[in-house]
Structure formats: C-alpha cells, structure tokens
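Please examine the sequence and the model before reading on.

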Amino acid sequence: MKAIGLLVLALGAFAPSVAQAMCGCMVPIRPKRPRPNQIVAKKILNEASKVILVRNGEQTIMTMSNDVITDYDAFGLVVPVPTVIKKKDVRVVGDQIFARLEKLTNPRVVEKWDPSPCPGLGDIAMAEGARAPSVASGGARRSRAKAADYGVKVEAHYSVGEYDIAILSAKQGAGAKLMKWLNKFHYAVPEEAVPVLQSYIKQNMKFFVAKVDFRKVDRSKKRVFLRPIQVRYETPRFMLPVRLGTVNAAGPQELVAYMLSPKGRIEATNYRTIKMPSGQDLPMYVKNDFENTYKAIFDFHTKKHEMHVLFTEYVGRGTLGIDNYKKTGLGWGSKRLRNPRLFDHFTTTRLHFRYDKHAFPEDLILQETSDIKPFNVRYTVHHPATNTSCPAGKSYLDKLPARRANEAEALASLTGWELGAIRGRVGLPPTKRPGPTPPMKKKVKGKPKKGLWQRIFE
Amino acid sequence: MLTVHTVVRDPRHLQILSLAALLVYGFAWLEWEPDHVHATAILGTALVAQLVASRIVDVRFDPRSALISALSLCILLRTTSPWVAGLVAAVTVLSKFLIRSNGRHVFNPSNLGLVAALVLFDDAWVSGGQWGSTAFGAFLFVCVGMLIVYRAERSDVTIAFLGAYAALLLARALYLGDPLTIFVHQLESGALLLFAFLMISDPRTTPDSRAGRILFASAVAAGAYFVAFVLYEPNGLLYSLVVAAPLVRLLDHLLPGRRFEWRLAGTA
C-alpha cells in the first residue's frame with residue numbers, strides 16, 4: 001500500500017505487492033459558442049497516495065485514502081497518531097470527497113479564442129472543449145465482522161464494513177508491547193519498519209490498527225477500493241508522518257495532501273514548499289493530452305529540485321461548499337449545521353510531492369500561514385481567429401509564428417521536452433531561421449529564460 | 001572618513017552585503033514571492049524610525065544598524081499586510097532606543113521585531129523551510145558566515161551555539177534510533193545557519209566575556225530545542241533568543257569582560 005504514515009502488514013510471511021488504482025470517467029461537453037473554457041486534468045494522481053488534513057486550533061482530522069491491489073486475503077494498517085484515540089474519534093467515510101477535491105484542485109488548461117482581427121465579422125468557429133469530472137467507482141460491500149479476542153486489552157474494538165479496528169490503550173500502545181502484540185498475531189512486520197515504529201513509540205506516539213478482511217470486500221473487479229479512514233486528535237504537533245510510507249516502497253512514493261485551515265495556506269517548515277509554475281501560454285495540442293503534459297511538468301520539476309521540495313498546486317478559500325467541508329471532518333460530532341457558510345473561512349491547500357527516505361528523511365512539520373491569496377495551476381491555449389481576410393488579418397497572421405515559438409519555448413522549459421520536436425508539432429521549423437551566424441545556444445531546459453533582474457522584479 | 005579601507009574593515013558592511021546577497025538569492029533562485037511593497041515599507045520605516053529616534057536622543061544618524069535589521073526582516077518576515085510590515089520595522093528599530101539596560105539595548109532588534117510580529121499579529125509568519133536544505137547551500141552559508149563572525153570577533157557564540165544545538169539533535173537521533181540522515185537534514189537548515197551566523201552573533205546583545213557567551217549560546221540552544229521538540233512550536237530559535245536576551249546582563253555581572261564597541265577590526 002502506498003499510503004503515507006500507514007504501515008501495511010501482511011498476515012503472512014511476505015509483504016503484499018501493491019499498486020494504486022483509480023477509476024475516472026470522462027463526460028465530453030460541447031459549449032455552443034466560443035468563450036474561455038477550462039479543461040481540468042484528470043487521472044494525474046493515479047499513482048499517488050492521498051490524504052486530507054484538517055487543522056482547527058490544536059485539533060487535527062486526518063482522512064486517508066486507501067487503494068490496494070493485493071493477493072492476500074487480509075492485512076493490517078498501523079496508523080501512528082500523537083495521542084490516544086477513542087472509538088468516537090475514528091470512523092470510516094465515503095470516498096467521494098477525494099474525487100471532489102481532486103476535481104476542484106487539479107491543474108487545468110484554459111482555452112481562449114482570439115477575436116477576429118477583421119472589423120464587423122464575428123468568429124464562427126465552434127468551441128470544443130471537454131470537461132472531465134472524475135467519478136470514483138467501486139465501494140465495499142457492507143458486512144459485519146466478528147469481534148475477535150486478541151487477548152490484548154484494547155480500548156475499543158469494532159468493525160465497520162471491511163475494517164476491524166483495534167484501538168490500543170495508552171499502556172498497551174506504548175513501548176515494546178506493540179511489537180509483541182503485532183508479532184503475536186502474526187503480522188509480519190517488515191524489518192525496515194521496526195526502527196521507525198520504535199522511534200514513534202519513544203516519541204510517545206500511539207497507534208491504532210485497522211485490519212482489513214478482504215473476504216468482506218467486493219473482489220469481483222481487479223481493483224479494490226477500501227473506504228477512507230478518518231481519525232481526529234488534539235495535539236500541538238502539526239505534522240504529516242511520511243516515514244512509514246517509505247518502508248514498503250520499491251522506489252519513490254508520490255503523495256497528494258489536501259490541507260484545510262481557518263488561517264490560510266499551509267506549508268512545511270522543514271522542507272521547501274514552492275508553487276508549481278503556472279500561467280504560461282502553451283501550444284494548442286497540449287489540451288488534447290493535458291494529463292501527460294502535466295505529469296511531464298511535475299516529473300521535470302521534481303527532478304530539477306532533486307525531489308527536495310513540495311509543490312503547492314492549489315490554494316483556495318471557501319471553495320469547497322458545506323457538504324464537502326463536512327466530509328473532510330469539519331463539524332464532526334455536531335448534530336445539525338444550519339449555516340451553509342459555516343466553514344467558508346477555511347482555506348484549502350493542495351501539496352503534491354514525490355519522496356523517498358533520502359530526500360525526505362523526516363516527517364513533515366507543518367504550519368499555517370495567513371496567506372489566502374488564491375492559486376491554481378493553470379495554463380492557457382489560444383485558438384487563432386479564423387476570419388482573417390482583411391488587411392489587419394494579414395498582420396495578425398504574420399505575428400502568429402512568433403507567438404507559437406514562445407508557446408513552444410514555454411512548454412519546453414516547463415517539461416524538459418526537446419524544443420525542436422515541439423516546434424515541429426506546432427508547424428514551425430525545428431530550429432529558428434538562421435540569421436547572420438547566430439551564436440551557439442544551449443537547449444532550453446531547467447530554469448525558464450528569465451534574466452536575474454526579471455526574476456527579482458516580476 | 002569613509003574610505004575603501006574603512007568600508008572593508010567594518011564587519012557591518014560585510015553583513016549588509018551578505019544580507020542583500022541572500023535576499024537576491026532567495027527571490028531569484030529559491031522562488032520566494034517578491035513583494036516590493038513590503039520591502040519598501042520595511043526599509044523606509046526602519047530608516048525613518050532610526051532618523052527620528054536619533055534626532056530625539058541627539059545622536060548621529062547611522063543607518064547601518066537599521067539597514068541590517070530591515071534586510072533581516074525582508075528575508076524572514078512574511079505577512080499579507082504592508083502595515084504590519086512597517087509596524088514591525090518600527091518596533092524593531094525603536095526597541096534599540098527604548099529597551100536599554102546598562103548603556104546598551106537589551107534585545108537583538110530584528111529578533112525582537114520578529115517575535116513581536118509572531119505573538120501580536122495573526123497575519124505574520126516566518127517560513128522556516130524557505131531555504132530548503134542542500135549541502136551546497138549550507139556550505140556556502142557557513143563560509144560566508146564564518147567570515148562575518150570572525151570579523152566581528154564573535155565566532156565563539158556561533159560555534160558554541162551550533163555545537164550545543166547539534167549535540168542535542170544528535171542525542172535525540174541516537175535516543176530515538178533514527179537514521180543520521182535526519183540529524184544531517186536538521187542541520188542543513190538555512191534558517192538555522194542564518195540564525196547562528198547573522199543573528200545570535202550580534203556583538204551588542206551578547207555577553208562581554210567568552211565564558212559568558214558560551215553559556216549564553218548553550219542556553220539559547222537548549223531553549224530552542226525545548227520549543228521545537230517539547231512544545232512542538234516552529235521558530236524555536238527566535239523565541240529562545242528573545243527569552244535569553246535579558247540573561248546577558250546577569251552573565252555580564254557574574255562574568256565581566258571587555259564590552260564590544262563597533263570599531264574597525266585591527267585598530268586600537
């Protein structure tokens with residue numbers, strides 16, 4: 001399981017082989033007249049673990065999305081939490097919230113249509129665009145599991161659908177007893193996880209174990225969706241545990257964290273957090289393959305920073321709506337929330353990063369800032385005007401190659417793709433027209449072509 | 001008289017240059033978000049406050065210390081409001097004139113300004129992670145920093161602080177059984193190195209004697225560790241230094257030494 005902060009222990013001798021899966025469905029929509037249209041990326045997070053963290057004062061509510069492909073019939077999740085968790089502090093929730101958050105916060109391409117340069121003529125090109133709401137499918141069949149007596153004094157032990165949750169009391173959860181407890185009930189603790197668990201135990205972290213019995217889960221399809229677990233706790237420690245997530249992993253893990261705060265944008269204090277480059281004009285063809293384009297942008301920038309940074313992909317205040325806010329855990333325990341704007345002062349931040357134990361040796365320490373400036377990764381493509389049969393039209397057409405060249409360069413600098421190939425795709429010659437012996441230039445890669453002063457003052 | 005010789009010899013000039021270079025590095029390479037309005041508010045208010053206060057107490061207007069404080073605030077203070085930025089700059093500079101004991105100011109001005117901002121205003125924060133942590137960056141920091149503190153004859157505070165803090169981090173890593181990559185990562189923090197070389201090393205707000213400075217630095221390191229790993233608050237370095245500042249007077253009383261004056265290095 002590629003889930004952060006969770007340790008997947010196989011009931012058996014071997015760790016399960018796992019992979020991520022997410023289903024998305026696309027519904028094309030054709031608007032009737034040309035106006036700016038947004039194409040939201042979908043399916044870019046299939047390989048990523050997802051978590052929601054709500055911070056409200058000293059309370060944290062964490063929701064973990066779990067997607068698994070495994071051959072084993074049962075395995076367990078071990079979740080480290082800073083304080084003792086009571087039964088009323090853990091629940092299983094529907095998984096739609098992740099799809100909704102993803103749709104709201106995904107990077108997007110905005111289509112714009114150039115107005116006709118010729119006076120009096122309207123542009124009669126039909127707009128075509130696709131909006132892509134993703135719909136997560138799947139769900140677990142509900143059934144009751146028998147409470148097993150593990151011989152350990154647990155504070156609470158109950159079943160919800162596919163989960164058998166055991167919450168260990170303060171005494172049993174701390175110290176070497178956890179290791180004994182896990183080993184006694186044949187959880188095969190991977191060797192690499194042992195020092196991490198020991199470290200958490202010494203830091204006074206507590207644990208709860210959620211055992212998943214796959215026999216209670218619909219296995220008719222290849223991919224299995226387990227419902228997210230939501231847990232809340234009070235602690236001054238605002239952190240995101242990632243160390244356990246690297247234990248099972250063959251390579252770098254990818255994580256998307258949706259974080260909510262009444263103050264503003266959330267960032268890490270022990271790692272660099274920067275905004276993903278956004279706002280560029282890109283070649284038209286990108287809109288038909290935006291998912292792969294954005295994946296390339298993400299990959300390229302991750303490599304550029306050698307996996308040492310977190311990327312902010314979205315900041316938005318009051319954008320979720322009361323239903324979605326409640327699904328993140330806000331208002332948990334309140335009987336009825338009449339005011340639909342009750343949580344509109346919460347800012348949603350989306351952080352997306354790739355990590356392994358070398359680039360991210362410590363857990364993330366987070367802080368709330370009061371920055372509420374909206375941000376969303378978006379790029380623009382421009383449809384050229386079709387009615388250009390006038391003198392102004394000729395001058396408009398003459399400027400188009402230069403614009404295409406800039407768009408190609410912007411795409412090359414964002415993705416690291418070869419500039420010549422991009423220029424070819426937009427109908428430009430692979431190299432710029434030779435002038436009077438131009439000097440040798442390096443291919444555009446790495447930082448965008450901005451001078452030092454531009455970078456300071458823009 | 002201001003000659004090339006005097007410019008080069010005064011460690012404050014080197015500090016101003018270094019802070020300006022760090023600011024440029026941050027905006028140009030580390031992709032900090034530039035905010036010219038804030039920078040103007042901070043620099044303008046700091047210099048005006050220095051001018052007005054100097055006139056009131058009838059001393060010569062010397063912009064250097066105000067510049068150092070203002071540049072530090074530009075690097076460290078984050079807020080959405082230029083009013084907060086200006087107010088913090090004013091508090092920073094005026095604290096030198098208003099909070100004094102035994103003939104000198106008690107608090108490192110930018111340190112006090114930042115803590116006041118964090119405590120008094122909701123709309124103020126410090127981004128500890130804004131430097132990232134790469135070995136090369138850390139190395140550069142150390143080299144430049146050593147030069148500055150050597151010039152200001154305060155390298156003992158820096159070394160004692162880093163040594164004590166590193167020892168505490170190492171002890172924690174060993175106790176928890178954590179890999180040493182965590183310890184190294186915690187030391188590679190630009191915020192830590194900036195604090196060690198350019199904040200705690202302020203010769204006017206540290207004890208006069210070497211023994212006093214080493215004790216002071218160790219106390220600040222212990223306080224910072226406590227805030228970070230017991231209280232789990234960010235910015236432990238800043239809070240610890242502010243709380244420890246009044247101790248300087250006590251340490252000078254118990255362990256007297258020669259008071260530091262801003263004179264050119266190498267002159268009498």
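Leaving aside neighbours within four places in sequence, B:Phe161 is in contact with B:Leu192, B:Phe195, B:Ala196, B:Ile200, B:Ala217, B:Val220, B:Ala221 and B:Leu237, where contact means heavy atoms within 4.5 Å. The model is predicted, so that local features need pLDDT of at least 70 and side-chain atom pairs count only at pLDDT 80 or more, while totals for chains, interfaces and linings use all residues. Residues are numbered from 1 along each chain as its sequence is written, chains are lettered from A and ligands numbered from 1 in the order in which they are written, and side-chain values use heavy atoms, without hydrogens and water.

**Nonpolar cores**

- A nonpolar core is a set of buried Ala, Val, Leu, Ile, Met, Phe, Trp, Tyr and Cys residues joined through side-chain atoms within 4.5 Å.
- Buried means under 20% relative accessible area, exposed over 50%, and partly exposed in between (1.4 Å probe, protein chains only).
- The largest core has 72 residues, and B:Ile75, B:Phe161 and B:Tyr165 have the most contacts inside it.
- Helix H8 (residues 155-176) of chain B gives this core its largest share, 9 residues; helices (H or I, at least four residues) and strands (E, at least two) are DSSP runs, numbered from the N terminus.
- A second, separate core of 40 residues includes A:Ile85, A:Val90, A:Ala210 and A:Met307.

**Disulfide**

- A:Cys118 and A:Cys390 are joined by a disulfide, with 2.0 Å from S to S; the term denotes a pair of cysteine sulfur atoms within 2.5 Å.
- A:Cys118 is buried at 5% relative accessible area, and A:Cys390 is buried at 19%.
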